[in-house]
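User: I'd like to go through this model and ask what stands behind each label. Ready when you are.

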Amino acid sequence: MAEHAAAEQQGKDPMIDAQRLKDSFALVGGYGDEVPMFFYSHLFLCHPETRAMFPVSMMQQRDRLLHALGTVVSRVDDLDNLVPFLQQLGKDHRKFGTQSAHYPAVGASLLATLEHFAGDAWTPELAADWAAAYGLVAQVMTEAADERPDDPAWWDAKVVSHERRSLDVAVVRLQPQAVLPYEPGQSVSVETELRPRLWRFYSPATAPRPDGTLELHVQAMDGGPVSGALVRHLGVGDIVRLGPAIGQMTLDPTSDRDLLLVAGGVGLAPLKALVEQVALLDVPRRTHLFHGARTAVELYDVDELRRLEAEHAWLTVVPVVSHDDEYEGERGMVGEVVVRHGPWTGRDVYVCGSPVMVAATRAQLVEANVPEERVRSEEFAASWSGPAVEGGTVR
């Protein structure tokens, strides 16, 4: 049903001006932190019952509002991409206790915020555009959340092992208490009682297993309250919550092309899950996995990757170090090394890492004649509610 919501809504509001929405959002976004501060103040004053859905400290929550709005506005004239994004968002928001009755309150505060900062640019036509666009968002999200009401809003999972691989990286193995469905390459949000109501996205580094366990790679980030807690304070036996899986950085089921996987830091996790998936195929696809890090010490999973390479003749692993003159293997920025090892024009390509690394690697591959539409990527940055990660997994 949710698949038809956008088309129906668009039919009711044929005059929505997508460019006008984008221009007004650019104007409002110029006010930075003032925008989310106004929005949340308005929401909590008018609807105080919503305050309990958010963390005690709203500092990091502010960036996520603008990120979410920016994603929706950028795709408002691309329903094929916007609708799946909103459907996943609606299902994921069940973990916050979000109900359909909350959407009108959020919409009213959003419109009040936009009107406040748009100033003289706010017109009846612009107000109608935003009201219609938010109506579409709310409709798709609520329908998606209601499609399978018996599905868990989250899964409790026990920490069965916690291994510090370096000062700031830990590999955490979890045992969900019920089957958590996900595809390799997707992400799940994680909450710990150490940091209540702060959810961060991490990508499982494992394909789904018969025993249900999954592995997360977590890097403690400067100022990252969740990643720091997961690396430094989480212990065996602790319980965390996992949200439903989201993200589209999954294997293309219609393709049998060989694979090129390029990871930076803990962006390795979802790509390692793809390697496990390939190992389960009837006919494995030849796969090259490049893992870039600043120093040899930061190649935190190299022994496990070498084990996988020894087990599978179709897999080639290339560790890359950029800032360690004593390292005897491949040196340089990972994207440059990948291009040197090419050509890759016949491959499906997956790239995951920091925003800078992803952007540089994508540009280098496209310049090396890899078709842009075959390059899928994920950026591991401060997560708001999509498959980006605080330090790594994932969105």
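User: Where is R197 found?

Analyst: This is a predicted model, to begin with. In it, R197 is in the loop between β3 (188-192) and β4 (200-202). Its phi is near 65°, a positive value in a residue other than glycine.

User: Why is R197 called partly exposed?

Analyst: The relative accessible area of R197 is 33%. Buried needs under 20% and exposed needs over 50%, so R197, at 33%, falls in between and is partly exposed.

User: What is phi of N369, and where does N369 lie?

Analyst: Phi of N369 is near 75°, again a positive value in a residue other than glycine. N369 lies in the loop between α12 (355-367) and β12 (375-379).

User: Why does N369 count as exposed?

Analyst: N369 has 60% relative accessibility. The mark for exposed is over 50%, so N369 counts as exposed.

User: And what makes A138 buried?

Analyst: A138 has a relative accessible area of 11%, and buried means under 20%, so A138 is buried. A138 is part of helix α7 (residues 124-147).

User: How many aromatic pairs does a search of the whole structure find?

Analyst: The search finds 5 aromatic pairs. One of them is formed by Y31 and F117.

User: Why is the pair of Y31 and F117 called tilted?

Analyst: A pair of aromatic rings is described by the distance of the centres and the angle of the planes. For Y31 and F117 those are 5.1 Å centre to centre and 50° between the planes. The centres must lie within 6.5 Å, and planes under 30 degrees apart would be stacked, over 60 edge-to-face.

User: Which parts does the pair of Y31 and F117 tie together?

Analyst: Y31 lies in the loop between α2 (18-29) and α3 (34-46), F117 in helix α6 (residues 102-118), so the pair ties together parts that are 86 residues apart in sequence. Y31 is partly exposed at 38% relative accessible area, while F117 is buried at 6%.

User: What makes the pair of F290 and W344 edge-to-face?

Analyst: Their planes are 85° apart, with 5.8 Å centre to centre. The distance is within 6.5 Å and the angle is over 60 degrees, so the pair is edge-to-face. F290 sits in strand β8 (residues 287-293) and W344 in the loop between α11 and β11, so parts 54 residues apart in sequence are tied together. F290 and W344 are both buried.

User: Which residues form one aromatic cluster?

Analyst: Y31, F38 and F117 form one aromatic cluster.

User: How do you know that R241 lies over the face of W154?

Analyst: R241 is at 4.0 Å from the ring centre of W154. The distance limit is within 6 Å, and there is also an angle limit of within 35 degrees of the ring normal. R241 is listed as lying over the face of W154. R75 likewise lies over the face of F85, at 4.8 Å from the ring centre.

User: What is the peptide bond from G342 to P343?

Analyst: That bond is cis, with omega near 10°. P343 has its place in the loop between α11 (334-340) and β11 (348-353).

Definitions and conventions. Residues are numbered from 1 along each chain as its sequence is written. This is a predicted model: local features need pLDDT of at least 70, side-chain atom pairs count only at pLDDT 80 or more; totals for chains, interfaces and linings use all residues. Side-chain values use heavy atoms; hydrogens and water are left out. Helices (H or I, at least four residues) and strands (E, at least two) are DSSP runs, numbered from the N terminus. Buried means under 20% relative accessible area, exposed over 50%, partly exposed in between (1.4 Å probe, protein chains only). Rings of Phe, Tyr and Trp (its six-membered ring) pair if their centres lie within 6.5 Å; planes under 30 degrees apart count as stacked, over 60 as edge-to-face and the rest as tilted.
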